[in-house]
Amino acid sequence: MKTEEKEKTSNVKENKVLNTKLNINELYNEITNNVIDQDEPIKKILTAIWKQYNNFSDTKSRNILINGSTGVGKTEIFRNITRLIDIPCVITSATQYTAAGYVGKSVEDMLISLLDKADGDLERAQRGIIIIDELDKLSESNNSSQVNQRDVQEALLKIIEDGKFDINYYNKNITFDTSKVMVVGMGGWSRIKLEEKRHVGFNSTTEKKEYKDLTTEDFINNGMIPELIGRFPIIVQMNELNVDSFIKIL
C-alpha cells in the first residue's frame, strides 16, 4: 500500500509540472490574442511568473519592472493573467497610496486586497502577485510633492524587500510575510532621454539608444530611489504601437 501511495504522489507531482507548462502556453496564446504586437514582452513576463512559481525557492528574485507608453497593453496583459491563473493577483495604482501621516491609502491596504483575492487564505495570499501601475508617478522629479513621493517609494520598498506587516483583517490581527509575494511595477517613463551611444576611435560612430536598452541607472536618474529600483531585476520594455498595430486593434 505504501508503495502505491508513493507512486500516486509521484504522478500527481509530475502532472502538476506538466499542467503548469501547458497553462503557460495557453496563457501566452490567450493573451497574445487580446494584446496586439507585444509577443516578446509577454514571453518575458510569463517566463518570470513561471520561474517564480516553479523553482520552489525561499527567496523572491523575479520582481518585474515594465516600461511602456499609455495604451500599449501593460494593464490589459495582467487583467488577462488575473482572469486565467489560480494565483491571487491585485492590480492597483501607485497614485492611491500615501506615506504615514498623509490622507490616503497605506501600502498595507495592498496586502488586505491580496487577502480578499485569496478568500482570506493567508498562505495563498503570501504567494500572490501585486501589480502596481503608474509607478512612474512616484518619481521625485514628477511634481512638487517630492517628500510624500519619496516616502511612498520607501514604504513600497518594505513590501518588495521581504518585510513583515502586522495588519488587521476583519478584526483579526495577522502577520503578513511578503517574502514570497511577486511585485510588478508598471509605468511610462517617457521623460527618460535616449542619449546616443558614442563609440570612440578612428572611425567614431554614434548609435541611437533604444528603450529596450534602459538600465536601472536610467530610472534612478529620473526620480526613482536606488533602493526601490534595485529590487526589480527584470526590466521589460513594451513595444511602441505603429499604424499597423492600430489597424489590427480596430
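**Entry 1: ground rules.** I number residues from 1 along each chain as its sequence is written, and I leave hydrogens and water out of side-chain values, which use heavy atoms. Because the model is predicted, local features need pLDDT of at least 70 and side-chain atom pairs count only at pLDDT 80 or more, while totals for chains, interfaces and linings use all residues.

**Entry 2: the whole chain.** I looked up the secondary structure and found 9 helices and 9 strands. Helices (H or I, at least four residues) and strands (E, at least two) are DSSP runs, numbered from the N terminus. Of the 250 residues, 40% count as buried, meaning under 20% relative accessible area with a 1.4 Å probe, protein chains only. I also looked up contacts (heavy atoms within 4.5 Å). Among those between residues at least 6 apart in sequence, 69% join residues at least 24 apart.

Entry 3: I traced 5 strands in the order 2-3-6-1-9, with parallel pairing. Two strands pair if DSSP finds at least two bridges between them. Strand 2 (89-93) and strand 9 (234-237) each have a single partner strand, so one side of each is left without a neighbour in the sheet. On average, neighbouring strands are turned by 15° against each other, direction ignored. Strand 1 (residues 64-67) pairs with strand 9 over 4 bridges, and Ile64 has Ile234 as its bridge partner.

**Entry 4: helices on the sheet.** I then looked up helix 2 (residues 39-54), which lies across strands 1, 3, 6 and 9 and runs at about 155° to strand 9. Helix 4 (residues 108-117) touches strand 2 and strand 3, and makes about 145° with the direction of strand 2. Axes here are lines fitted to C-alpha atoms, for helices over the stretch in contact, and angles run from 0 to 180 degrees between N-to-C directions.

**Entry 5: a hairpin.** I found that strand 4 (residues 164-169) and strand 5 (residues 172-177) run antiparallel, joined by 6 bridges. Ile167 is the bridge partner of Ile174. There are 2 residues between these strands, and Tyr170 in the turn has a positive phi of about 50°.

**Entry 6: a pocket.** On a 1 Å grid over the protein atoms alone, a pocket is an open set of points where a 1.4 Å probe fits, with protein on both sides within 12 Å along at least five of seven lines; lining residues have an atom within 4 Å of a point. The second largest pocket has a volume of about 280 Å³, the space filled by probe spheres set on the points. Of its 20 lining residues, the closest to the centre are Gly68, Ser69, Thr70, Lys74 and Gly188.

How values were computed. Buried < 20%, exposed > 50% of the residue type's maximum accessible area, 1.4 Å probe, protein only.
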